[in-house]
Amino acid sequence: MAADSDPETEVFEITDFTTASEWERFVSRVEEVLNDWKLIGSSAGRASPEKGEYTSGTWEEKSQEINFADFKFSITHHYLKQESDKSDLKEELEEDAFPLAMQDLLCMNNDFPPRAHCLVRWYGMREFLVISPGANCEAITSESKCNLLLSSVSISLANSGCQVPMFVQIQQKWRRLYAGECQGPGVRTDFEMVHLRKVPSQYNHLSGLLDIFKAKIGCPLTPLPPVTIAIRFTYVLQDWQQYSWPQQPPDFDALLGGEVGGVEFGKLPFGACEDPISELHLATTWPHLTEGIVVDNDVYSDLDPLQAPHWSVRVRKAENPQCLLGDFLNEFFKLCCRKESTEEILGRGLTEEEGKENTDLSAALSKLTEPAAAPMSKLSVSSMVHSARKHIRRHRRVDESPLSNDVLNSILLYLFPDAAVERSSTGASDASDGRAAPPPSTGGRSEPDKDSDYNLFNQLKSAPSDSLTYRLALCVCLVNFYHGGVRALAHLWQEFVLEMRFRWENNHLVYGLASGAPDLRCCLLHQKLQMLNCCIERKRARDESRKASDGGKERDRPLPGGGENGRRSRREGAAGATAATAAGSGAAREASPGKSWDSWSDSEDEFFECLSDQEEAAAAKEGEAEKGGAGRAKPPDGRLHPHGTMTLLNPSTEPMYIPVTQEPAPMTEDLLEEQSEVLAKLGTTAEGAHLRARMQSACLLSDMESFKAANPGCSLEDFVRWYSPRDYVEEEVVDEAGAPVLRGELSARMKIPGNMWAEAWDTARSVPARRQKRLFDDTKEAEKVLHYLSVQKPADLTRHLLPCILHAAVLKLKEEESLEDIPSVKKAVQQATSHASKQLRHPNPDHKKLEEVISQLVAVETVIARARSLKAKFGIGKAEAGEDSEDLEKFVISLLEEPEVAVLGAGRGPAGSIIHKLFVSSQRLTDFTSDEAALLAPMDDDLVRPGGGADDRKPMGGGLNVPDFPPPAGREILLRTCVPRPAPYSKALPQRLFCVLLREDFRLAGALSSDTSFF
């Protein structure tokens, strides 16, 4: 057994050296990724990128995670998407062609791209790979780990034959340090970097950088081939004291003014409260220089920015600048989350005292009957009321109302200008009868503007811009922001509801609302106000008819809107219970404008039901008299006018009259929804369907009763001939004498047993419309509307008015944009409007998505504010119009939409002259004290104007010995050459060094190529 166990022990201790290590697995995984992405083989043969393609082109990337043991890495492929040219593909590739990355090292078409990956800027490559530590992994800081990764990269590239350069990110991520390698047939390029905090003094100029570049190349040739140089200096302008942002000053003469932006009721403020442009960066570029042409050392420099052949400008925008319209919208939207009611907001701190006052008043009578030692005079009702009033006055002095009387009166006069008209024109007819003033003018807007506004409120489901609801939304928004917040808003709403009740009780129409039924395309609050106006109109008409009846002035006026059109719409109603009701409603709407309202009696008032028994008794007596009166017919009543030449069927000589009918009840969308829910709950049974039909036939029954009263002795066939002609079928037959005659009968569906029309006709009495029970109880509906308004919380009111506020904001943006003409802004406004329309038409809009809509509108305001700031700084609008002004406008718009804009003519063009002027002014202000700067400031008017020559521009700062430009904030120097390396007989390969010199940052990014075949 012992002998058997010894071999087993020896086998257990054997180490298998064929097992792959973690490093080998990592190399293999990198090669698999390169194969999956099809990056194997030659990358040469593609055409050089066009000028500016790195900025205007589309960069794409794809990533994949790989592991080195337990350490996670991410490998990312960055590449410029280019359309393949067939002519390039047909070209035969040379066997020894350089890799694509080596060719890009010498390409000059895309030096200093304004928006690209840092490796693209430093090395000019259009395709590369990056291996970086995972998201939650520590940085690669040790030298051994860096070398291990670089070895892995080198082996992976050699094994796979990939010619795409691969980089490894080392050190902390904020340092942006990379090391990499690119391999080709017989060539290799090593990518190295140096990053320091401070610039070494010997390398702070071009001559020192050339020395280090030549030393790094180590070229054995003498003389050394010339080095191509590209230089870019960046100057930063931060001081805008002479050119502040162009926000309108407040109107100090206005009653409610005093705030930035010119705030007044009816207008939303607009603009930024701070300069939305924080900095201007001027890049002066010398793109093609050679060694020896320019001198730049620690003693002297030829690099004068005014002499640079290329200028380009970019602006640094302030992040989230405070904008007035955006603040208004955000503060208004915050109210949607409030839960307090109006009583809780306004009655805070009054609960206990109000309870005591109510107790005192309610116990007044009981105290009068109880024995007391106090004199009776002190326990009288008048004394109790007097003490309560003193208590209320005392409390009001302590806790004043949120809105002052001046502000409140100004708001109410803005909302209800007809009240001012009535006060000023005492005794005038418009004031005496309470008619609403005409709607406010549209400010001379053209028809297209009106159509666009109509489409906008219909799209956002808000309200017309000249309506009371729209003006109320503006006032609520301004009051919330400037005059006390939610307490002032609750106070204003309370006063608004009181005004609505006053107008209802005193028969004054609500100003600024279109007549007619509620418009279901508008918001619910607007519909409620329209419903209240309908109630006031009905009530006024009833009161006028009562006055006319009391004065004996009953008379019938012809219907101006009647005629054949009214009859046709009345006749062509759909048959069936529901359809017939709809047809009756439509007919009543057609006939209502010309009704003889004077014929309505005084019995039709708020307590009409009290007279219904008398009416029934009178109708019964008349019926008995009709039966026993030897054929005496009931006199007709409620006739409007004859129905053409039509006559009743029996007797055939009696003409048919169209009766005066009641208007159908107007309804808001919530009432329609409530009615549909009630009808749906009746179910699908026969009994439910019958009850549903009866509920929907109230208007049909009213019209039948009116028709019977206007046409005594009529039949159902007569009614159908007028109400629904398609349900009365006529055909030509031959009578006994052989003459052709027309005979008619009801349609088949009208003869169905249990037909709702026949049942309604049998139950209908002969009652004119003026004596019928009202289909629309205006008193009840008005009280329902007023109650609905009074129970609205500030949050509910905000949600009702939010569509109107967004509508006003969009109109304001369109108005401001029309002055600037920015294409991107037009598109952004359309997108925001479309987004808002989808949300506001939903019954319960998503608050987060509404916040996104507001953010879109604020972003548009910011862009417009930036455009105005730039136009003010470049003097657009102040200078005389001409070619230069048009070019400057295009230049400013390009600054907003592009990352970097080239300056035409560099420092000698119109834009360059203005930029030079801005820098000179800033230099003067920073070089002197504030008092001296104030003395020097007027000299800016003597500076060069756009289009001036070099002679006018040169002596700007010379007399004061102040440089025109500050020291450059950043210097970028690009050195390139093509030399054999490492031996004189090696291939001539591209060499590149990119140098970045900032105040606290020094970086050298070198790409050094060497020949691996002949070394």
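## Secondary structure and overall composition

The protein contains 36 helices and 17 strands in this predicted model. Of its 1015 residues, 46% are buried. The accessible surface amounts to about 52400 Å², and carbon and sulfur atoms account for 51% of that surface.

Contacts between residues at least 6 apart in sequence were also sorted by separation along the chain. Of these contacts, 75% join residues at least 24 apart.

## Helix 19 and its partners

Helix 18 (residues 468-482) packs against helix 19 with the two axes 8 Å apart and an angle of about 150 degrees. Because angles over 145 degrees count as roughly antiparallel, helix 18 is roughly antiparallel to helix 19. The crossing of this pair is right-handed. On the helix 18 side the contact uses L468, L472, C475, V476, V479 and N480. Helix 19 contributes G485, V486, A488, L489, L492, W493, F496 and M500. By class, the residues of this contact are 12 nonpolar and two polar, with no charged residue.

Helix 14 (residues 405-415) also meets helix 19 (residues 485-505); their axes come within 11 Å and cross at roughly 50 degrees. Helix 14 is therefore oblique to helix 19. This crossing, too, is right-handed. L408, I411 and L415 form the helix 14 side of the contact, while H491, L492, E495 and F496 form the helix 19 side. The contact of helix 14 with helix 19 comprises five nonpolar residues, one polar and one charged. L492 and F496 of helix 19 take part in the contact with helix 14 and also in the contact with helix 18.

## Helix 18 against helix 30

Helix 18 has a further partner in helix 30 (residues 794-820). The axes of these two helices come within 9 Å and cross at roughly 95 degrees. Since angles from 65 to 115 degrees count as roughly perpendicular, helix 18 and helix 30 are roughly perpendicular to each other.

From helix 18, the residues in contact are T469, Y470, L472, A473, L474, V476 and C477. They meet L797, L801, C804, I805, H807, A808 and L811 of helix 30. The residues of this contact divide into 12 nonpolar and two polar, and none is charged. Within helix 18, L472 and V476 belong to the contact with helix 30 and also to the contact with helix 19.

L1004 lies in strand 17 (residues 1001-1011). Its relative accessible area is 7%, so L1004 is buried. Leaving aside residues up to four places away in sequence, L1004 touches E192, M193, V194, L209, I212, L993, F994 and C995. For one of these, L209, the separation from L1004 is 795 residues in sequence, yet the C-alpha atoms of L1004 and L209 are 9.4 Å apart.

K539 is part of helix 20 (residues 524-550). With 10% relative accessibility, K539 falls under the 20% cut-off and therefore counts as buried. K539 and D777 are 238 residues apart along the chain, and their C-alpha atoms are separated by 9.7 Å.

## Backbone exceptions in loops

Most residues other than glycine have a negative phi, and most peptide bonds are trans. The residues below depart from these patterns.

K38, which is not a glycine, has a positive phi of about 55 degrees. K38 sits in the loop between helix 2 (22-36) and helix 3 (53-56). Its relative accessibility of 73% is over the 50% limit, so K38 counts as exposed. N320 is likewise not a glycine and has a positive phi of about 50 degrees. N320 is located in the loop between strand 9 (310-317) and helix 9 (324-334), and N320 is exposed, with a relative accessible area of 73%. The peptide bond between R981 and P982 is cis, with omega about 15 degrees. P982 lies in the loop that runs between strand 15 (970-980) and strand 16 (988-998).

Methods:
Residues are numbered from 1 along each chain as its sequence is written. This is a predicted model: local features need pLDDT of at least 70, side-chain atom pairs count only at pLDDT 80 or more; totals for chains, interfaces and linings use all residues. Side-chain values use heavy atoms; hydrogens and water are left out. Axes are lines fitted to C-alpha atoms, for helices over the stretch in contact, and angles run from 0 to 180 degrees between N-to-C directions. Helices (H or I, at least four residues) and strands (E, at least two) are DSSP runs, numbered from the N terminus. Angles under 35 degrees count as roughly parallel, over 145 as roughly antiparallel, 65 to 115 as roughly perpendicular and the rest as oblique. A crossing is left-handed if the near helix is turned anticlockwise from the far one by less than a right angle, and right-handed if clockwise. Contact means heavy atoms within 4.5 Å. Ala, Val, Leu, Ile, Met, Phe, Trp, Tyr, Cys and Pro count as nonpolar, Asp, Glu, Lys and Arg as charged, and the others, Gly among them, as polar. Buried means under 20% relative accessible area, exposed over 50%, partly exposed in between (1.4 Å probe, protein chains only). Accessible areas come from the Shrake-Rupley method with a 1.4 Å probe; for residues, only the protein chains shown count as cover.
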